[in-house]
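Hi everyone, thanks for coming.

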Amino acid sequence: MLYHIIKAILIPFLYILFFPKITGRDNLPKEGSVIIYSNHTSFLDPILLGCMLPRRIYFMAKQELFRSYPLCVLLTALGAFPVKRGKADLSAIKKALQTLKEGKVFGIFPEGTRSKTGDLNDFNHGTAAIAHKSRAATIPVIIIGDYKLFRPVHIVIGKPINLDKYYDKKPSSEILSEISELMSERLKLLASDKMESRKKFSRK
């Protein structure tokens, strides 16, 4: 109930302040376990995705965000749960896998921290490990925009990544590096395609 109330309150403000636009909505399955991974430039990212995407997303978010009581209530209501950065947080990984086992949507920012430049940082292996273990549909989502007031923020939802060839292999460091690199490249390609489309539209 609290989730729906907070979402109903936040959505109008997001539309007024940032004019969010969504592309590729049909790429998000209407049911079943899904991993959504995205670039990360602002603390508003999980709030934006949690409010604007049609399915409830259970985010793994850095533990520090939960130290502020109002933000803790907000993030928890939207489905987020804390993770300790800098080391393997087994409890957070188990929570993510259980979320996916229940057929829900799990969201994560594989860079592990916000990018100050907007460039995509290296992915940690945690996201690849969860994708490999769960075999859930793994979908890249790019957020384009810097959250300046009254300027559009674009959300582009990509098609699921095919990881079938990795599922029967032992999740070694090499395999997880390959999966991480593939996930990173798909996110970069999504951003590149979106920017190229915007250039073509502006030239018309």
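So, how many aromatic pairs does the structure hold? Keep in mind that we're looking at a predicted model. The answer is 4, and I'll walk you through two of them.

Take F18 and Y147: those rings sit edge-to-face, 5.4 Å centre to centre, with 90° between the planes. What I like here is that the pair links distant parts of the chain, 129 residues apart. F18 belongs to helix α1, residues 2-18, while Y147 is in the loop between β6 and β7. Is F18 buried or exposed? It's buried, because its relative accessible area is 6%, under the 20% cut-off. Y147 comes out at 11%, so that one counts as buried too.

Now F59 and F109. This pair is stacked, at 5.5 Å between centres and 0° between the planes. Again, distant parts of the chain get linked: F59 is in strand β3, F109 is in the loop between β5 and α5, and they're 50 residues apart. F59 and F109 are both buried.

R56 lies over the face of Y3, 4.3 Å from the ring centre, and K95 has its charged end over the ring of F81, 6.0 Å from the centre.

Last stop, the serine. S180 is in helix α7, residues 173-203, and its relative accessibility is 7%, so it counts as buried. Where does the side chain of S180 reach? To the backbone oxygen of L176, at 2.9 Å. Beyond its neighbours up to four places away in sequence, S180 touches F123, N124, H125 and A128.

Note on methods:
Residues are numbered from 1 along each chain as its sequence is written. This is a predicted model: local features need pLDDT of at least 70, side-chain atom pairs count only at pLDDT 80 or more; totals for chains, interfaces and linings use all residues. Side-chain values use heavy atoms; hydrogens and water are left out. Helices (H or I, at least four residues) and strands (E, at least two) are DSSP runs, numbered from the N terminus. Buried means under 20% relative accessible area, exposed over 50%, partly exposed in between (1.4 Å probe, protein chains only). A polar contact is a pair of N or O atoms within 3.5 Å; within protein, one must be able to donate a hydrogen and the other to accept it, and residues adjacent in sequence count only if both atoms are side-chain atoms. Contact means heavy atoms within 4.5 Å. Rings of Phe, Tyr and Trp (its six-membered ring) pair if their centres lie within 6.5 Å; planes under 30 degrees apart count as stacked, over 60 as edge-to-face and the rest as tilted. A charge sits over a ring if NZ of Lys or CZ of Arg is within 6 Å of the ring centre and within 35 degrees of the ring normal.
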